[in-house]
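Please keep the structure in view while reading.

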Amino acid sequence: MQGKYTLLPHKIMAYKEDTHISDIIAGNFNQVLLMEHLGMPLVVQRKTVKEFCTENNIKADLYLAFVALYDGMQVVQIPNFDKNDINCILTYLKNCHNYYLNEKIPQIKNYVKQISVSNNSSGIKLLNDFVNSYIEELTEHFEYENNIVFPYITALSQNQTLDSSYSVTIYKQHHNNIDESLSSVKELLIKYLNFTDEQNIRRKMLACLFELEYDLKIHSHIEDNILIPLVEKYENIEHVQKDKSENVLSQREIDVLKYLIEGLSNKEVAEKLYLSTHTVISHRKNICEKTRIKSLAGLTIYAILNGIINIDSLEEKQNQNAH
């Protein structure tokens, strides 16, 4: 696999395509959450990474990159992924959203509610307001990605017509780390808030926050260091191809160009091609814009170099038209 990773302290990685999935899970139970995000079944038997990924239509290199992230490594250079991997990455991110919105956020809200029931201090009110504000921010963030970003990326991966006013650069410029605010909530719980805690809600809520923060960091890292660079690569290819296609002359424009080079007037070209003079003028304008050439001499050279006309027969046709 092409790509570079940096290890966090005390982490030794040796997972390969012939590693058993069950061994990966035994080494880090959070790998179960990764499999859930990827839509992979949790019954793995004694299958290897290669076998299991083939069955689930996931590239082994991509899965191992995700495994590395969940084991504390960070991608510092994008691996050699392609368009076929984009859908898998989007599936992961969408499932993450569902996990956060339908499981983790309700848990956090429930813990805050339990704390508020038996405590009514200004600090608890501050916690409640801050958590609600964060949940609103998180929900808006995911809605933007689900409704704007991901459909755009899907269209790009499927070679569909793209919205020319949007690009992943816009997303990149406004993409904030949604896990950072959780540190403030944890700090309040650990350092400052005193409240009655007969049900050990503080510990349960902290555990939930740490779990959410852990997964959100990986989620953001995948977006910033795998998805966005991958999409940028294909956007550049798309734009180059689009520029080339926009600069290619149509068959009708080629017909017009040939007659113009032979010395015919706009009116004469119109008669030859059964067009209006206005249409010929419009074609001539498009030819000049596409080739970025305004002079007839320049267009003649362009036509010769691009095989539109034969230099040997050009003089003969010009002479015929002159008579």
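Is the crossing of α6 and α8 left-handed or right-handed? The crossing of these two helices is left-handed. The model is a predicted one.

| Helix pair | Residues | Axes come within | Crossing angle |
|---|---|---|---|
| α6 and α8 | 122-157 and 180-192 | 11 Å | roughly 160° |
| α2 and α4 | 30-37 and 60-70 | 10 Å | roughly 140° |

Angles over 145 degrees count as roughly antiparallel, and α6 and α8 are therefore roughly antiparallel to each other. On the α6 side, the residues that meet α8 are Leu127, Phe130, Val131, Tyr134 and Glu137. Their partners in α8 are Ser181, Leu182, Ser184, Val185 and Leu189. Sorted by class, this contact has seven nonpolar, two polar and one charged residues.

The axes of α2 and α4 cross at roughly 140°. That makes α2 oblique to α4. The crossing of α2 and α4 is right-handed. From α2, Asn30, Gln31, Leu34, Met35 and His37 meet Tyr63, Phe66, Val67 and Tyr70 of α4. By class, the contact of α2 with α4 has six nonpolar, three polar and no charged residues.

**The nonpolar cores**

In soluble globular proteins, nonpolar side chains tend to be buried together. Here, the largest nonpolar core has 75 residues. Which of its residues touch the most other members? They are Tyr63, Phe66, Tyr92 and Met205. Helix α9, residues 201-247, gives the most to this core, with 15 residues.

Apart from its neighbours within four places in sequence, tyrosine 92 is in contact with Leu34, His37, Leu38, Phe66, Tyr70, Ile218, His219 and Ile222. Of these, Leu34 and His37 are also among the α2 residues that meet α4, and Phe66 and Tyr70 are among the α4 residues that meet α2.

A second, separate core has 19 residues, among them Ile254, Leu264, Val269 and Leu299.

**A serine in a loop**

Serine 167 is in the loop between α6 and α7, the latter being residues 168-173. Is serine 167 buried or exposed? Buried means under 20% relative accessible area. At 16% relative accessibility, serine 167 therefore counts as buried. Leaving aside neighbours within four places in sequence, serine 167 is in contact with Tyr152 and Glu235.

How values were computed. Residues are numbered from 1 along each chain as its sequence is written. This is a predicted model: local features need pLDDT of at least 70, side-chain atom pairs count only at pLDDT 80 or more; totals for chains, interfaces and linings use all residues. Side-chain values use heavy atoms; hydrogens and water are left out. Axes are lines fitted to C-alpha atoms, for helices over the stretch in contact, and angles run from 0 to 180 degrees between N-to-C directions. Helices (H or I, at least four residues) and strands (E, at least two) are DSSP runs, numbered from the N terminus. Angles under 35 degrees count as roughly parallel, over 145 as roughly antiparallel, 65 to 115 as roughly perpendicular and the rest as oblique. A crossing is left-handed if the near helix is turned anticlockwise from the far one by less than a right angle, and right-handed if clockwise. Contact means heavy atoms within 4.5 Å. Ala, Val, Leu, Ile, Met, Phe, Trp, Tyr, Cys and Pro count as nonpolar, Asp, Glu, Lys and Arg as charged, and the others, Gly among them, as polar. Buried means under 20% relative accessible area, exposed over 50%, partly exposed in between (1.4 Å probe, protein chains only). A nonpolar core is a set of buried Ala, Val, Leu, Ile, Met, Phe, Trp, Tyr and Cys residues joined through side-chain atoms within 4.5 Å.
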